[in-house]
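Colleague: Hi! Could you walk me through this one?

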Amino acid sequence: MRLGVNIDHVAVLREARRVNDPDILQALYVACANGADQITIHLREDRRHIQDIDVTNIMKHSTLPVNLECSIDRDILNIVANEKPHRATLVPEKREEVTTEGGLDVFGSEDEVRYAIELLHDSIIPVSLFVDPTIEAMDKSKELGAEMVELHTGTFANLFAMLNSNLPHSNHSVKEFELPRYELSNRLEKSLEDIKLSAKHAHDIGLEVAAGHGLNYHNVYEMMKIEEIVELNIGQSIIARSVFSGLADAVKEMKRLTSR
């Protein structure tokens, strides 16, 4: 299992005061030295965390492959094509969202996604699509020419947290999942089954399979049971843990949990 460490949230903290502290390159070096197999960053259109210069510097200094997440906006795609990361992962993006919500709409945005894949392929950049775990999305991703899919695990993670943590008693309770525990349990089981079936189907049709969004130290063991998933991209929980334990130990612990 490859562990992609997403260091966006280091840049979130930096941008809160608009100073170069914490230094994103220091986070890069620590992650590289303590078990990460890949560095993942997201260059958003609104530049709320990672900046253009960060992409350039990380591409220059990373000793590990860089997975650059981006929208299908053409200006962003041109930047990605110029930087030539190890892989580009196409994700949906809304300016008002707190974080990425749901998978890329590979059906409603088929022409735009196809254009993005072709542009990136012209620059010899492999493409992954961040999609909801459905059989239909796997088939469409293959049809569009992607080499890989990253299964959106946000629904699974929210259900898991509502059932197994204090999230329902916090200001961040997920309203749509404020349900009886038996209903949460049933929905969690269904969500996990969707991920398993999608991963198997994607693998069977020749796609490499990753997973990510909302994965943490408590729920990641469920992903480890799915043999078709070969990569996990995890950010927020690692950076949150690092506040208390330090980034080196936080990365090491996640790598331990994701080692087969």
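This is a predicted model: local features need pLDDT of at least 70, side-chain atom pairs count only at pLDDT 80 or more; totals for chains, interfaces and linings use all residues.

Colleague: Great. How many strands does the closed barrel have, and what is the pairing?

Modeller: The closed barrel has 8 strands, in the order β1-β2-β3-β4-β5-β6-β7-β8, with parallel pairing. Neighbouring strands are turned by 25° against each other on average, ignoring direction.

Colleague: Let's pick β4. How many bridges join β3 to β4?

Modeller: There are 4 bridges between β3 and β4, and the two run parallel. Cys-70 stands opposite Leu-90 in β4. To get from β3 to β4 the chain passes through α4, and this β-α-β crossover is right-handed.

Colleague: And where does α4 lie?

Modeller: Helix α4, residues 74–83, lies across β3 and β4, and runs at about 170° to β3.

Colleague: What about the other neighbour, β5?

Modeller: Strand β4 (residues 87–90) pairs with β5 (residues 127–131) in the parallel sense over 3 bridges. Thr-89 stands opposite Ser-128 in β5.

Colleague: Which way do the β4 residues point, and are they buried or exposed?

Modeller: Arg-87 and Thr-89 point one way, Ala-88 and Leu-90 point the other way, and all are buried. In a regular strand, side chains alternate between the two faces of the sheet.

Colleague: Switching topic: which residues touch the most other members of the largest nonpolar core?

Modeller: Ile-39, Leu-90, Leu-129, Met-223, Ile-229 and Leu-232 do, in a core of 79 residues.

Colleague: What does Leu-232 touch?

Modeller: Leaving aside residues up to four places away in sequence, Leu-232 touches several residues, among them Met-1, Leu-3, Leu-215, Val-220 and Met-223.

Notes:
Residues are numbered from 1 along each chain as its sequence is written. Side-chain values use heavy atoms; hydrogens and water are left out. Two strands pair if DSSP finds at least two bridges between them. Axes are lines fitted to C-alpha atoms, for helices over the stretch in contact, and angles run from 0 to 180 degrees between N-to-C directions. Contact means heavy atoms within 4.5 Å. A nonpolar core is a set of buried Ala, Val, Leu, Ile, Met, Phe, Trp, Tyr and Cys residues joined through side-chain atoms within 4.5 Å. Buried means under 20% relative accessible area, exposed over 50%, partly exposed in between (1.4 Å probe, protein chains only). A crossover is right-handed if, with the strands pointing away from the viewer, the path from the first strand over the helix to the second runs clockwise.
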